[in-house]
Amino acid sequence: IHTASNGLCFNTFVVLNEQGNPVGFQAPQAAVLIAKQLTEDLSNPGGYQAVVNRRLPRHLKQLVRPTQVRISSPTKAYSELTVIAADRPGLLARIGQLFAELSIEVLSARITTLGERVEDVFTIRVPNGNAIVDRERIYLLENTLRQRLDSLA
């Protein structure tokens with residue numbers, strides 16, 4: 001996920017079928033349907049549903065790990081937020097929802113899933129275009145993320 005200075009986003013997704021194979025190679029019509037549905041959904045941003053609460057699959061319940069959240073500010077223009085957590089349904093949606101609630105702008109994201117564990121790194125800033133350096137805001141963001149994500153487990 002990359003956001004340009006003019007606010008446009010460029011997102012790249014690798015979509016796999018149930019067997020773990022890329023969708024577009026063996027079923028080009030499926031790729032066309034996915035693109036069409038995304039275009040329709042993104043053209044109506046007010047029509048998004050609340051985050052769906054699905055049950056945690058049994059195999060993930062056994063792999064509980066506490067969420068780790070760390071914010072660093074490598075420059076004055078942005079901060080890096082690292083989230084290491086157990087993978088589960090709705091994880092990215094919850095993170096995105098919290099960003100919206102706390103007025104956090106996402107400049108880019110590197111989403112990595114390693115088996116049952118995710119290691120996601122977000123380049124973020126506050127709406128005035130600066131890094132998050134206020135200790136209270138850092139504390140609020142880190143702890144709220146930990147609490148909300150651990151409550152999903």
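Reply: This is a predicted model. A residue to begin with is Phe 122, which touches Ser 79, Glu 80, Leu 81, Val 83, Leu 92, Ile 95, Phe 99, Val 106, Ser 108, Ala 109 and Ile 111, leaving aside residues up to four places away in sequence.

Me: Which residues have the most contacts inside the largest nonpolar core?

Reply: Phe 122 is one of them, together with Leu 81, Val 83, Ile 95, Ile 124, Leu 141 and Leu 145; the core has 20 residues. Two or more residues each come from strand S3 (68–72), strand S4 (79–86), helix H4 (91–101), strand S6 (117–125) and helix H5 (135–152).

Me: What makes Lys 36 and Glu 40 a salt bridge?

Reply: Their side chains meet at 4.0 Å, N to O, and the cut-off is 4 Å between a Lys or Arg nitrogen and an Asp or Glu carboxyl oxygen. The two lie 4 residues apart in helix H2 (residues 28–42), so about one helical turn separates them.

Me: Why is Lys 36 called exposed?

Reply: Its relative accessibility is 52%, and exposed means over 50%. Glu 40 has 41% and therefore counts as partly exposed.

Me: Which parts of the chain does the pair Arg 148 and Glu 101 link?

Reply: Arg 148 forms a salt bridge with Glu 101, with the closest N and O atoms 2.8 Å apart. Arg 148 is in helix H5 and Glu 101 in helix H4, 47 residues apart, so the pair links distant parts of the chain.

Me: How many salt bridges does the whole structure have?

Reply: A search finds 4. Among them is Arg 117 with Glu 119, at 1.9 Å between the closest N and O atoms.

Definitions and conventions
Residues numbered from 1 in each chain as written. Predicted model: local features only at pLDDT ≥ 70, side-chain atom pairs only at ≥ 80, totals over all residues. Heavy atoms only, no water. Core = buried A, V, L, I, M, F, W, Y, C linked by side-chain atoms within 4.5 Å. Buried < 20%, exposed > 50% of the residue type's maximum accessible area, 1.4 Å probe, protein only. Contact = heavy atoms within 4.5 Å.
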